Amino acid sequence: MSIYSLLIILGSGLVTWLPRIIPFILVRKLQLPDMVIRFLSYVPICILTALFVQNLFIVRSGSFPEFNLEYCLAAIPTIIVALLTKNLMLIVVTGICAMSVIRYFMN
């Protein structure tokens, strides 16, 4: 590995790391208003929902989005387990197992 490659890797790591760390450093000593804290509490669920829904559809240029059948079928037991248990580990394991079974029988 050349020194140039090493510097590129370190620079890329630094550029990726800084935007994630700087807000924590700046906000650490500030007291945010309750409204801002309440707003920020919804960010993780919004991001996860966007990622989840994005995978349920197959998008092709020039056509209407279609359902991704495998993901939609795997989502059914996963959502049921999520509503019943609210246990993240069990939800993830259910989703992985459901996807494995569906891919095994559909392929």
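The model described here is predicted.

**Helix H5: length and sides**

- Helix H5 comprises the 19 residues 88-106, and its end C-alpha atoms are 27 Å apart. This agrees with the 27 Å that the helix should span at 1.5 Å a residue.
- The buried residues of H5 are Ile91, Thr94, Gly95, Ala98, Met99 and Ile102. Because these residues cover an arc of only 125° around the axis, they are on the same side of H5.
- An α-helix has 3.6 residues a turn, so residues three or four places apart point the same way.
- On the other side of H5, the residues Met89, Ile96 and Tyr104 are exposed.
- Helix H4, residues 69-85, is included in what covers the buried residues of H5.

- Thr94 is located in helix H5. Its relative accessible area is 17%, and buried means under 20%, so Thr94 is buried.
- With neighbours within four places in sequence left aside, Thr94 is in contact with Pro77, Thr78 and Val81.
- The N-terminal end of H5 is capped by Asn87. A side-chain oxygen of Asn87 lies 3.1 Å from the backbone nitrogen of Met89.

**Salt bridges**

- How many salt bridges does the structure hold? The structure holds 2 of them.
- Side chains of opposite charge can pair when their charged atoms come close.
- Another salt bridge is formed by Glu70 and Arg103, whose closest N and O atoms are 3.6 Å apart. This pair links distant parts of the chain, since Glu70 is in helix H4 and Arg103 is in helix H5, 33 residues apart.
- Is Glu70 buried or exposed? Its relative accessibility is 19%, so Glu70 counts as buried.
- When residues up to four places away in sequence are not counted, Glu70 touches Met99, Ile102, Arg103, Met106 and Asn107.

**Aromatic rings**

- The whole structure contains 2 aromatic pairs. In one of them, the ring centres of Tyr104 and Phe105 are 5.1 Å apart. The planes of these two rings stand at 85°, so the pair is edge-to-face.
- Tyr104 counts as exposed, with a relative accessibility of 64%. Phe105 is exposed too, with a relative accessible area of 66%.

**The loop between H4 and H5**

- Where is Lys86 placed? Lys86 is in the loop between H4 and H5.
- Lys86 counts as exposed, at 65% relative accessibility.
- The phi of Lys86 is near 55°, which is a positive value in a residue other than glycine. Most residues other than glycine have a negative phi.

**Distances along the chain and in space**

- Gln54 is part of helix H3, residues 43-55. Gln54 counts as exposed, with a relative accessibility of 55%.
- Gln54 and Tyr42 are separated by 12 residues in sequence, and their C-alpha atoms are 18 Å apart in space.
- Leu6 is found in helix H1, residues 3-27. Leu6 counts as partly exposed, at 36% relative accessibility.
- Leu6 and Met89 are 83 residues apart along the chain, and their C-alpha atoms are separated by 37 Å.

Key
Residues numbered from 1 in each chain as written. Predicted model: local features only at pLDDT ≥ 70, side-chain atom pairs only at ≥ 80, totals over all residues. Heavy atoms only, no water. Helix = DSSP H or I, 4+ residues; strand = E, 2+ residues; numbered from the N terminus. Expected span 1.5 Å × (residues − 1). Buried < 20%, exposed > 50% of the residue type's maximum accessible area, 1.4 Å probe, protein only. Arc of directions from axis to C-beta. Contact = heavy atoms within 4.5 Å. Polar contact = N/O pair within 3.5 Å; in protein donor to acceptor, adjacent residues only side chain to side chain. Salt bridge = Lys/Arg side-chain N within 4 Å of Asp/Glu carboxyl O. Phe/Tyr/Trp six-rings, centres within 6.5 Å; stacked < 30°, edge-to-face > 60°.
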